[in-house]
Amino acid sequence: MNSNKKIAAILWFLLPRSIQKTIEPLLSESEKDLLRNLYKEIQTLPYEEKKSLEYKLHFIFCYPYKNVFYLVFLVLLVLFVFGLFFYILRYPNASPFFIFSLFWPALMGIFSFVFLSSLTSFEIYRLFSFPKKITYFLFFLLNVYLQIFILILINQFEGIQPTFLSEFEKWILGIGVISAPITEEILFRHKIPEAFGSDFFRNIMGHMISNFIFSILHLPAQWEQGILYFFSGMFFSFLKLYTENLLLPILSHSLTNFVVFFFF
């Protein structure tokens, strides 16, 4: 029996009777019989399989570790503040703009836990379930390749030379560019597009507007860079739309940043 059908049957019988009565007129007799038969079949399942279904439902209704996001956020924020003051004391002549550029990505990564806590339990279950289709991973690898190519082009326009950074500064910035994509993907590939509606064309428009904002916020010095950032964001959007998942876009974004920052 299909796992989703089992979950649908359990969900149906978990509904209060008053709500069931409201929905029942919308169901045919065959559909109601199907739900009853599925529920009876669930009672005969092995213990391990029933537990697996309960676990899935628990994640859909109440993500068990959601409060941990707040705790991790507070711990990382405290460590961030200590690290920032340590850096300022160690390098008193560093310019405020340089300090901001160095620490801002890491702060974005820390705030990703606030964004994660803002998602519903169902969103967490739907967006962060590990995908099982091999085509998703092939598309993921293609996306990583394209993103590395685009980011190298952007860096060539900017003339970035990270070699002037000390080892300590490289690690601060490196941690930031790897963790910041969690915030960026939740915001630009989920929250903003979803605000435009679930209709396909409205959702696509939402992604286009979101990625335009994404490109502007990366402060491109030239219009060519802005176009490249926009296409970079759209490739992440295509990955999210194709997989209906945020886990792969986040991994792709973080991996791309890691490869380009540490190896190019």
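**Loops, helices and a pocket**

Tutor: Glu 244 is exposed, with a relative accessible area of 56%. Keep in mind that this is a predicted model.

Student: Where does Glu 244 lie?

Tutor: Glu 244 is in the loop between helix 11 and helix 12. Its phi is near 50 degrees, a positive value in a residue other than glycine.

Student: What about Leu 219, where is its place?

Tutor: Leu 219 sits in the loop between helix 10 and helix 11. Its phi is near 50 degrees, again a positive value in a residue other than glycine.

Student: Is Leu 219 buried or exposed?

Tutor: Leu 219 counts as exposed, because its relative accessibility is 66% and exposed means over 50%.

Student: OK, helices now. Which residues of helix 3 are buried?

Tutor: Lys 32, Leu 35, Leu 38 and Ile 42 are the buried ones in helix 3. Seen down the axis of helix 3, they fall within an arc of 125 degrees, so they line one face.

Student: And which exposed residues are on the face turned away from that buried side of helix 3?

Tutor: Glu 29, Ser 30 and Lys 40.

Student: How far does helix 3 reach?

Tutor: Helix 3 covers residues 29-43 and reaches 22 Å from its first C-alpha to its last. That is close to the 21 Å expected at 1.5 Å a residue.

Student: Next, helix 4. Which residues are buried there?

Tutor: Leu 53, Leu 57, Phe 59 and Ile 60 are buried in helix 4. They cover an arc of only 160 degrees around the axis, so they are on the same side of helix 4.

Student: What is exposed on the other side of helix 4?

Tutor: Tyr 47 and Glu 48 are exposed there.

Student: What span should helix 4 have?

Tutor: At 1.5 Å a residue, its 15 residues should span 21 Å. The end C-alpha atoms of helix 4 are 21 Å apart, which agrees.

Student: Let's go inside. How many residues has the largest nonpolar core?

Tutor: The largest nonpolar core has 14 residues. Those with the most contacts inside it are Phe 80, Tyr 87, Leu 102, Phe 103, Ile 172 and Leu 173.

Student: Which elements give two or more residues to this core?

Tutor: Helix 5 (66-90), helix 6 (96-118) and helix 9 (167-195) do. Helix 6 gives the largest share of this core, six residues.

Student: What does Phe 80 touch?

Tutor: Leaving out residues up to four places away in sequence, Phe 80 touches Phe 103, Ala 106, Leu 107 and Ile 110. Another core, of 13 residues, lies apart from the largest one. Among its residues are Tyr 136, Val 144, Ile 154 and Tyr 229.

Student: Which helix gives the most to the lining of the largest pocket?

Tutor: Helix 6, with 10 residues. The elements that give two or more residues to this lining are helix 6, helix 8 (134-158), helix 9, helix 10 (200-217), helix 11 (223-243) and helix 12 (247-263).

Student: Back to single residues. Is Gln 147 buried or exposed?

Tutor: Gln 147 is buried, with a relative accessible area of 2%. Gln 147 lies in helix 8.

Student: What does Gln 147 touch?

Tutor: Not counting residues up to four places away in sequence, Gln 147 touches Ser 232, Phe 235, Phe 236, Ser 252 and Thr 256. Both Ser 252 and Thr 256 are buried in helix 12. The C-alpha atoms of Gln 147 and Leu 255 are separated by 9.5 Å, though these residues are 108 residues apart along the chain.

Student: Last one, Phe 258. Which helix does it lie in?

Tutor: Phe 258 lies in helix 12. At 32% relative accessibility, Phe 258 counts as partly exposed. Phe 258 touches Ile 178 and Phe 263, not counting residues up to four places away in sequence.

Terms used
Residues are numbered from 1 along each chain as its sequence is written. This is a predicted model: local features need pLDDT of at least 70, side-chain atom pairs count only at pLDDT 80 or more; totals for chains, interfaces and linings use all residues. Side-chain values use heavy atoms; hydrogens and water are left out. Helices (H or I, at least four residues) and strands (E, at least two) are DSSP runs, numbered from the N terminus. The expected span of a helix is 1.5 Å times one less than its number of residues. Buried means under 20% relative accessible area, exposed over 50%, partly exposed in between (1.4 Å probe, protein chains only). The arc is that of the directions from the helix axis to the C-beta atoms. A nonpolar core is a set of buried Ala, Val, Leu, Ile, Met, Phe, Trp, Tyr and Cys residues joined through side-chain atoms within 4.5 Å. Contact means heavy atoms within 4.5 Å.
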